[in-house]
Amino acid sequence: MPFAFDSAARLRLGYKLIDRINLYFSGLPDRPVQLPLEQRSFAELTDALPELGEDAGKVLDDVCSQMADQGFHVPSANYFGLMNPTPAYMAVLAEALVAALNPQLASLARSQLASKIEKETVRWIGERVGWDRPFDGTFTSGGNEANFSSLALALAARFPQAIEEGVAAIGAKPVLYTSAEAHHSLDKSAGLMGLGRKALRRIPVNGNAQLDPAELEAQIGRDQAEGFAPFCVVATAGTTNSGAVDDLVALAEICRRHHLWLHVDGAYGAAAIFSDQHRNLVRGIELADSITLDPHKWLAMPFAAGVVLTSHPETLSQTFGLSTPYMPTRGVQSSSSAPLDNFQVSAQWSRRMNSLKLWLTLRVHGRQGYEELIDRQLKLAAFFANWVRGSEIFALAVPQVLPIINFHVKLPQASEEQLRAVHEQIVDEVTRDGRRWISTTLVNGKSVIRVMVISYLTGHRHLEDLMIALIDAAKKVAPRTAHQEIGDD
């Protein structure tokens, strides 16, 4: 059997890999994020397909070395980029166990314990949401699928005939609403569902980068008057650009008045439900009809893991349920109280067990582990934001709410185009040596530098080093007017 290593070989390879992973984790507090600029290459690999195999130990050694030496290391404490965390080590072990056991969660008959663990994890999350009514949900491949699933639930709840007969059976063009800062997965979902991306109305945001409730209400009124069929509002709890959290209470009231489904894309920020101290960051989340949560963001899980939850559990089977003769039923208790097969409540068919890593991490570290993580990262972000407030070089662009800080160079006379160019040059300079990674983005159409505290290994010393690098970069790349404003000699 070409794939069947004997016990001794399995142990040798397994210990070798664990040793390399342990060494990698030991270096993460100081590991550069990537190679210096002059050493980076995007050229494709050109090796021919191997006809004969090589020694497994050598191949494993080679790939471990190459990935560590040449990779882009989002787990590094010096990564201040997008919502990619240092994974909890228990979650890493869980991933290895899932890969080995390879449970198939499509049906209960083939995954009794694995399905029970997923259901329990969903229940733990839903209980933290605080719903006072029945709820249910499922793990997904990530936030894109979770958002897609939630919009499908909303459409099915408002227009049940569309499931079998299609969107054309609705008789009017359905439209939905979200903020100008909301995630691009919503545009993808609207297109893939056959609504068309133009059906997604992107509503302007206020000065805090939140969806403007008055603008939303006005747009709903215009659409109703023109014969469109509004059915859903998507609020965001933690935008990718700035970490803004929409006013969930106000949006829930608008949805109540207009009989619209409220979905909260909390892929990042909904994790605040695990904190008693900071739960108010997502005040009103319990008013949602559905919620997206990505554990591979603020909950420090490795890719990939998403969750969709709904306080209308019947819509899950209404939206995704179907029957097929080849799914096994033998061995599953036949009763009306038996839970539905997972494929009946999910867009997926064959399914990986993405729940074990979060379940195992919660078993080992408890909710209190996340209480401490969330509090610590919020305090670190506040520390950095306070530094920006006191800076002669930089200024905050929007208030810091979650552990994301948006700021810009103080150039009052510069055009937006000039400001964007300066920001790009500063970020290029800060990231040139590969040690750390930050980025630029747009918030409400304006260029900002973006810094995020996402690794549980990041501490004050990492932020202080970043501050020094930012000051040096700004003085080096800013135009002469900026040099005068920042007091450069």
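The model is predicted.

I began with the second largest pocket, which holds about 690 Å³ of space. I found 20 residues lining this pocket, and Ala 43, Leu 45, Gln 66, Met 67 and Gln 70 are the closest to its centre. I sorted the lining of the second largest pocket by class and got 10 nonpolar, six polar and four charged residues.

I then turned to the largest pocket, with about 960 Å³ of space. Its lining has 30 residues, and those nearest the centre are Leu 17, Ile 21, Tyr 24, Phe 25 and Val 92. Helix 1 supplies the largest share of the lining, eight residues. By class, I noted 24 nonpolar, three polar and three charged residues in the lining of the largest pocket.

I traced an open sheet of seven strands with mixed pairing, in the order 1-7-6-5-4-2-3. Strand 1 (136-140) and strand 3 (200-203) are its edges, and each pairs on one side only. From one strand to the next, the twist averages 20°. I checked the pairing of strand 1 with strand 7 (residues 306-310): it is antiparallel and has five bridges. Thr 140 has Gly 306 in strand 7 as its bridge partner.

Next I looked at helix 7 (residues 185-192), which packs on the sheet and touches strand 2 (174-179), strand 3 and strand 4 (229-236). The direction of helix 7 makes about 160° with that of strand 3. I listed Ser 185, Leu 186, Asp 187, Ser 189 and Ala 190 as buried in helix 7. The cover over these buried residues includes helix 5 (143-158) as well as strand 2, strand 3 and strand 4. Just after helix 7, I noted a positive phi of about 85° at Gly 194.

I located Ser 242 in the loop between strand 4 and helix 9 (248-258). Is Ser 242 buried or exposed? Its relative accessible area is 2%, so I count Ser 242 as buried, the cut-off being under 20%. Leaving out residues up to four places away in sequence, I found that Ser 242 touches Ala 209, Val 398, Ile 404, Asn 406 and Val 443. I also looked up Gln 210, which is 32 residues from Ser 242 in sequence and 9.9 Å away in space, C-alpha to C-alpha.

Entry 4, strand 11.
I asked why strand 11 (residues 446-452) counts as largely enclosed by the rest of the structure. I wrote down that it does so because six of its seven residues are buried. Strand 9 (residues 404-409) runs antiparallel to strand 11, and four bridges join them. Ile 404, one of the contacts of Ser 242, stands opposite Met 452 in strand 11. I found five bridges between strand 11 and strand 10 (residues 439-443), also in the antiparallel sense. Ser 439 stands opposite Arg 450 in strand 11. Strand 10 and strand 11 form a hairpin with two residues between them. In its turn, I recorded a positive phi of about 55° for Asn 444.

Definitions and conventions: Residues are numbered from 1 along each chain as its sequence is written. This is a predicted model: local features need pLDDT of at least 70, side-chain atom pairs count only at pLDDT 80 or more; totals for chains, interfaces and linings use all residues. Side-chain values use heavy atoms; hydrogens and water are left out. On a 1 Å grid over the protein atoms alone, a cavity is a set of points where a 1.4 Å probe fits but cannot get out, and a pocket is an open set with protein on both sides within 12 Å along at least five of seven lines; lining residues have an atom within 4 Å of a point. Grid points are joined across faces, edges and corners, and a volume is the space filled by probe spheres set on the points. Ala, Val, Leu, Ile, Met, Phe, Trp, Tyr, Cys and Pro count as nonpolar, Asp, Glu, Lys and Arg as charged, and the others, Gly among them, as polar. Two strands pair if DSSP finds at least two bridges between them. Axes are lines fitted to C-alpha atoms, for helices over the stretch in contact, and angles run from 0 to 180 degrees between N-to-C directions. Contact means heavy atoms within 4.5 Å. Buried means under 20% relative accessible area, exposed over 50%, partly exposed in between (1.4 Å probe, protein chains only).
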